[in-house]
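Trainee: Please take me through this model one question at a time, and give the cut-offs behind each term when it comes up.

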Amino acid sequence: MTTLRRTSTDDSVKRADAVRARRKQKEMQRTWTAARTVSHTRAVHEKTSLASTPTRRRGTTGRTRRWNAMAPALGGLSSIRALTDALPMLQGWRLASLTMVMLLGSLLFHILSSPQYFINSINLSGSKYIPGEEIYDESGVHHLNILWLDPAQIKENLEAVPGIKDVYVEIQWPNQVYIAVVENEPVLAWSQGGQMMWVDRDGVAFPQRSEIAGLVPIVADDANYPLTSESRIPREAIAGALQLKQLRSNIELLHYDAVNGLSYQDGRNWRGYFGVGTDMDVKLVVYETLIENLLSRGIHPSVVSVVNEDAPYYRR
């Protein structure tokens with residue numbers, strides 16, 4: 001038999017309050033646990049951030065902060081101190097470099113401005129015919145600073161002077177210029193187109209600068225234009241003229257034309273033609289033999305030619 005018991009109103013109220021109290025206690029426990037979890041997570045995160053982030057001092061500048069930010073990668077505070085210690089050394093090298101630049105600049109200014117380093121004369125050797133003043137002027141060194149002198153350019157300038165065959169140039173501090181020249185040696189005095197030029201053994205023509213005793217004078221009969229420094233006289237004509245002068249020292253003047261070569265006016269009143277080359281000794285023998293024959297027959301020629309010694313001829 002089931003017994004039914006009636007519950008009073010007060011008992012029902014107490015039971016409901018107890019249920020609510022237990023529910024509220026559970027909710028408070030859950031809230032405390034969640035807050036503790038969040039707080040622990042935040043603390044761990046902040047601890048990790050502090051370990052990986054460099055400490056910043058209050059009031060420091062941005063540049064200082066950047067050096068601090070690099071500290072972990074450079075080995076921390078010891079690396080920063082090493083860089084700081086190196087700064088005076090770097091500044092010392094800069095000061096030394098600046099001092100060196102200033103010294104070199106002062107030295108350069110002294111060289112460029114002091115008369116001690118400018119050229120006002122040369123030491124010349126080898127010149128016989130060309131005046132030293134002309135060589136000095138043509139060298140192009142007058143009143144130049146020694147820094148601007150170029151031996152190759154000086155050599156080129158002087159070798160362009162007619163009569164100079166070769167040049168040697170040496171420059172020494174502070175203002176010494178040594179020049180040795182090799183001149184063309186004249187062997188003939190060649191007159192052409194109203195102008196007298198010297199000629200050396202190679203046929204090079206260059207200006208006559210003085211009177212030289214013993215030079216063989218030659219007049220070009222078939223040319224009315226003057227020679228230049230670029231003109232060349234045939235070497236065969238030069239060799240023949242020198243040989244004729246050696247064999248006949250009494251010859252005072254030779255003539256030349258392109259067809260008959262060398263000739264001279266014989267004192268016996270005719271013109272003798274000898275051509276060119278170094279066989280003048282043979283031609284002179286033929287020449288004298290022919291003259292003797294002609295005179296023995298009472299013939300007085302106006303022209304005797306031994307240009308071809310194998311076929312000499314004469315004209316009355």
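Trainee: In the loop between which strands does Pro174 lie?
Mentor: This is a predicted model, in which local features need pLDDT of at least 70 and side-chain atom pairs count only at pLDDT 80 or more, while totals for chains, interfaces and linings use all residues. Residues are numbered from 1 along each chain as its sequence is written, and side-chain values use heavy atoms, with hydrogens and water left out. Helices (H or I, at least four residues) and strands (E, at least two) are DSSP runs numbered from the N terminus. On that numbering, Pro174 sits in the loop between β2 and β3.

Trainee: What is the peptide bond from Trp173 to Pro174, cis or trans?
Mentor: Most residues other than glycine have a negative phi, and most peptide bonds are trans. The bond that leads from Trp173 into Pro174 has its omega near 0°, and is cis.

Trainee: How many bridges join β2 to β3?
Mentor: Strands of a sheet pair through backbone hydrogen bonds, either parallel or antiparallel. Two strands count as paired if DSSP finds at least two bridges between them. A hairpin through three residues joins β2 to β3, and Ile164 stands opposite Glu183 in β3. The two strands run antiparallel, and the bridges that join them number eight.

Trainee: Which strands are at the edge of that sheet?
Mentor: Three strands form an open sheet of mixed pairing, in the order β1-β3-β2. The edge strands, each of which pairs on one side only, are β1 (123-125) and β2 (164-172).

Trainee: Which residue of β3 is the bridge partner of Ser125?
Mentor: Three bridges join β1 to strand β3 (residues 176-183), and these two strands run parallel. For Ser125, the bridge partner in β3 is Ala180.

Trainee: At about what angle does helix α5 run to β2?
Mentor: Axes here are lines fitted to C-alpha atoms, for helices over the stretch in contact (heavy atoms within 4.5 Å). Angles run from 0 to 180 degrees between N-to-C directions. Helix α5, residues 151-159, lies across β2 and β3, and its angle to β2 is about 155°.

Trainee: Why does Glu138 count as partly exposed?
Mentor: Buried means under 20% relative accessible area, exposed means over 50%, and partly exposed is in between (1.4 Å probe, protein chains only). Glu138 lies in helix α4, residues 132-139, and, leaving aside residues up to four places away in sequence, Glu138 touches Asn157, Leu158 and Val161. Glu138 counts as partly exposed because its relative accessibility is 39%.

Trainee: Is Val199 buried or exposed?
Mentor: Val199 lies in strand β5, residues 195-199. Its contacts, not counting residues up to four places away in sequence, include Trp190, Phe206, Ile233 and Ile238. Because its relative accessibility is 0%, Val199 counts as buried.

Trainee: Which residues make up the covered face of strand β7?
Mentor: In a regular strand the side chains alternate between the two faces of the sheet. Strand β7 spans residues 216-220, with Pro217 and Val219 on its uncovered face, while its covered face has Val216, Ile218 and Ala220.

Trainee: Which residue of β8 does Ala220 stand opposite?
Mentor: β7 pairs in the parallel sense with strand β4 (residues 188-192) over four bridges, and there Trp190 stands opposite Ile218. Three bridges join β7 to β8, again running parallel. In β8, the residue opposite Ala220 is Tyr256.

Trainee: About what volume does the second largest pocket have?
Mentor: On a 1 Å grid over the protein atoms alone, a pocket is an open set of points where a 1.4 Å probe fits, with protein on both sides within 12 Å along at least five of seven lines, and lining residues have an atom within 4 Å of a point. Grid points are joined across faces, edges and corners, and a volume is the space filled by probe spheres set on the points. The lining of the second largest pocket includes Trp190, Ala220 and Tyr256, and the volume of this pocket is about 160 Å³.

Trainee: What is the relative accessible area of Asn269?
Mentor: Asn269 is in the loop between β9 (261-266) and β10 (270-275). Although Asn269 is not a glycine, its phi is positive, at about 80°. Asn269 is exposed, because its relative accessible area is 62%.
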